[in-house]
Amino acid sequence: MPVSNRHFASRMGRWGATHPWTAILLWLVVVVGAFSIGTVIETKQATSQDLLVGEAAEASRLIEENGLRDPAAENILIGTRAGQETAAQTTAATELRRRLAALPEVASVSDPIGSPDGRVLLLQVSMKGDADTAADRVTPLLTVTADAQKQHPGLLIEQAGDASVKHDFQEWLAKDLQKATVISVPVTLVILLLVFGALVMAGVPVLLGLTAVASTMGLWALASQLVPDPGMVTDVIVLMGLAVGVDYCLFYLRRYREECANGYDPASAVGIAAATSGHSVVVSGIAVIVSAAGLYLAGDVMLASMATGAILVVAVAMISAVTVLPALLVKLGRAVDRPRVPLVRRLSQRTGAPRVWGFLLRPATRRPLISLAVAVGGLAALALPALDMNLKATQVDDFPRSLSTMRTYDRLVEAFPSTAHTGTVAVRVPAGESEQLRTRMTRLSESVRQDPLFAEDGPPRIRYSADGRGAVLEAGTPTAPGTDAARDSVTRLRADLVPDALRGVPGVEYAVGGAQAEDMDYTSNLNSRLPLVIGGVFALTFLIILLAFRSVVVAMTTVVLNLLSVGASFGFLCLVFQRNWAEDLLDFTSTGHVVSWVPILLFVILSGLTLDYHVFVVSRIRESVVAGMTTRNAVVDGITRTAGVVTGAAAVMVAVFAAFGTLTFIEMKQIGVGLAVAIVIDATIIRIYVLPAAMTLLGRANWWPSRTGPSSSRPEPQRSAEKVGA
């Protein structure tokens, strides 16, 4: 086997092995320095305007230009357990109004508003300051509301609004993320113990994975100044960092141990591991980074921020695996295999080809055409439900009802339908058209009020700008975003009501926004960009594999295998989350849709992650071909020799992703389940049937147009002074 010392991984491995203390100290400085950035620089949060696209973004721009952006509003509900309005409600409302108005965070408090059925009183509170940061200032209001509930136990006094829901949601999401981390780290350590049978060797990948996550958190605080955080980037960093950080080290360590068992001393074993597995780690890392960069083509701030977080953590994990890991191995020496777990140790050090893998690979290598047809047919069948994928952006209504503010929100919608969901019409006219603007807005209000698609418990609210040239109309809808009726209401405004009302006004600008419009525009933008993202990612994946293996056929095969595994995972995602059969199993309530940005994120991440062990396996197959084996024997040898490490790597990924699949938040649950299923498919059906069958059928054509063939250039091992196998 030729061992190249010319590529980056080999040079970095050799440098780390010859300057171990320098590499280790430099890495510690980098980790501490990067983490410290996050304590000095505050992560920049994305504003609501940052996350909008299409006509909804234009509506938001016109509202800002008109100076008519609403402040953050909180709703205080005062109900009676008896069911009818009482004097106690009025008294409580008066006291609450006085106490809330005295808070420095409050701009104004409305008079009590009675619900149409007379059961509930509503206080609407306007907060001071930027609405995007109101969640940071809402605690005093929540405290006043909670105190009022204690003072009036016979009433039901509760609060809901964008700020309080966001505050409640952020606390809950932080606990959810902590739960995933607490689950995934020990499970990962157990898997690595089973793979290596030694505590130190199992602990090193976990340690480097955690340091990669910690340092990336600080780097992300800096990067967020350019690409603001929509609130979920830290989740992606933890998810990706633990998965790839551990896997990259696992590949390296397994090859290091194998070469030590072949008689090489630790320094020589590190050199070979760097030139082989280290090179695979670099190729895989670059593939993941390039795939994640495909999210920038979506033209979406949320996806761009997640791409940035993923790129940072993968780059850090990759660099640590090829620099500090070789240094640690040299300094630890034989101690890296201590302390040993007796039974597990014996199993992990078995030599020779495991019989089970020869049995599993027999159908694909002896009857490749039949195996390929059956496997591809099965994956295509699993992918079919994806053709009926129903996409919808996550709205407040999709938040879990385990949040107390969401239960209050439901009661608010029931008592006051028009306060919950609104379609927003923003208008701007040239100077001199102010009177006509008022006339046309009044006409539009009457048209909306008479339309059954809109709420009937109150007229649309119209506000005018200080200069008289701008206006905003807010039309309540009785149905939640994502329903057919809600979509019809936006279409009615955009296609009929608004154009009819404003037709003939010279120089008028208008746009329709609101939660449902934002959902429609966001999903439409992703759908329009999806072909560009898919084409870009596949083209870059093809190019990376072509450069790595110098084979057009291997590159094309890789793209097809990615398409099969991603398509099958999408189909499974639809089967689970668009139906209700798995609700009890996975502890969720089906919303009947897949979150609109989840498929494109899954596609990009999976296109990179599945290359992790694909590159590793194909590299081993190529080594065997170069050593003189036939294609069929090389396929069996390459897959069998990598079986342990690839199975361990896949198990680590599945464990981390499955931990996120246990979370309550539907977005993270869909990401976790989708990634875990795709890795399982790739590590089993693709690796056992599709890949070996395809490569066996192609034979020598796999390596076209390169001249891969037998070679005897593998250097003689520099034997350790210790007895081999000791």
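In which sense do β8 and strand β9 (residues 470–476) pair, and over how many bridges? The pairing is antiparallel, over four bridges; two strands count as paired if DSSP finds at least two bridges between them. Strands (E, at least two residues) and helices (H or I, at least four) are DSSP runs numbered from the N terminus.

This is a predicted model, in which local features need pLDDT of at least 70, side-chain atom pairs count only at pLDDT 80 or more, and totals for chains, interfaces and linings use all residues. Residues are numbered from 1 along each chain as its sequence is written, and side-chain values use heavy atoms, with hydrogens and water left out.

Stay on β9 and select Val472: Arg463 stands opposite. Now show the whole open sheet, four strands in the order β8-β9-β7-β10 with antiparallel pairing. β8 (461–464) and β10 (509–514) are the edge strands, each pairing on one side only.

Helix α3 (residues 54–66) lies across β7 (422–428), β9 and β10, at about 110 degrees to β10. Helix α18 (residues 515–549) lies across β7 and β10, at about 95 degrees to β10. Axes are lines fitted to C-alpha atoms, for helices over the stretch in contact (heavy atoms within 4.5 Å), and angles run from 0 to 180 degrees between N-to-C directions.

Finally, select α23 (residues 631–641) and α25 (residues 666–698), whose axes come within 9 Å and cross at roughly 155 degrees. α23 is therefore roughly antiparallel to α25 (angles over 145 degrees). Thr631, Arg632, Val635 and Ile639 of α23 meet Arg687, Pro692, Met695 and Thr696 of α25.

Methods:
Angles under 35 degrees count as roughly parallel, over 145 as roughly antiparallel, 65 to 115 as roughly perpendicular and the rest as oblique.
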